[in-house]
Amino acid sequence: MFANVKDDSDKSDELEQKNKVVLNAKIELELSELPEAERAEYVKELGIGESGLDALIKKAYEVLGLLTFSRAARWNRAAWTIKKGAKAPQAAGVIHTDFEKGFIRAEVIGYDDFIKYNGELGARDAGRLRLEGKEYVVQDGDVCHFRFAL
């Protein structure tokens, strides 16, 4: 459920719905007009924690049972969406069907480690890269490099 609220809305009187997202369209418009570098500061200043759009996206992923994984390559960084519970070969298949058919293994770094160690090389040097096989269930935020044979 999506609900637009007034500026002076008291969150205690919001609709009681399991999958609700409450946001203020006026604030969202203001956020969309700000340069990206200033948005986080404005959200912090308002004391709302995150934008309504971010909350809506997170809730939609939760309700639909989705998660995001990414691939870190020096020449191309991209993210893909998969259903929760998908195993590594199915995740690889989202990138390209040949990746799933010829899946050998996945080199995986958790998102927090990827950030903490400044990327793939730092995480690898810190021993935070793991090798996972066909039964590995991909986790939200995983950074994966898929090995496959044609």
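**Solvent exposure and helix packing in the predicted model**

Gln90 is partly exposed, at 37% relative accessible area (partly exposed lies between buried, under 20%, and exposed, over 50%, with a 1.4 Å probe and protein chains only). The residue belongs to helix 4 (residues 88-95). Between the C-alpha atoms of Gln90 and Lys134 the distance is 9.0 Å, at a sequence separation of 44 residues. The model is predicted: local features need pLDDT of at least 70 and side-chain atom pairs pLDDT 80 or more, whereas totals for chains, interfaces and linings use all residues. Residues are numbered from 1 along each chain, and side-chain values use heavy atoms, without hydrogens and water.

The chain contains seven helices and seven strands (DSSP runs of H or I, at least four residues, and of E, at least two, numbered from the N terminus). Their order along the sequence is β-β-α-α-α-β-β-α-α-β-α-α-β-β. Of the 150 residues, 34% are buried.

Helix 1 (residues 25-33) packs against helix 2 (residues 36-46) at about 150°, with 9 Å between the axes (lines fitted to C-alpha atoms over the stretch in contact, with angles from 0 to 180 degrees between N-to-C directions). Helix 1 is therefore roughly antiparallel to helix 2 (an angle over 145 degrees).

Leu53, in helix 3 (residues 52-64), is partly exposed at 48% relative accessibility. Together with Leu56 and Ile57, Leu53 forms a nonpolar surface patch of about 250 Å² accessible area (Shrake-Rupley method, 1.4 Å probe). Patch residues have over 30% relative accessible area and no salt bridge, and nonpolar side chains are joined within 5 Å, like charges within 9 Å. A salt bridge is a Lys or Arg side-chain nitrogen within 4 Å of an Asp or Glu carboxyl oxygen.

Definitions and conventions:
Angles under 35 degrees count as roughly parallel, over 145 as roughly antiparallel, 65 to 115 as roughly perpendicular and the rest as oblique.
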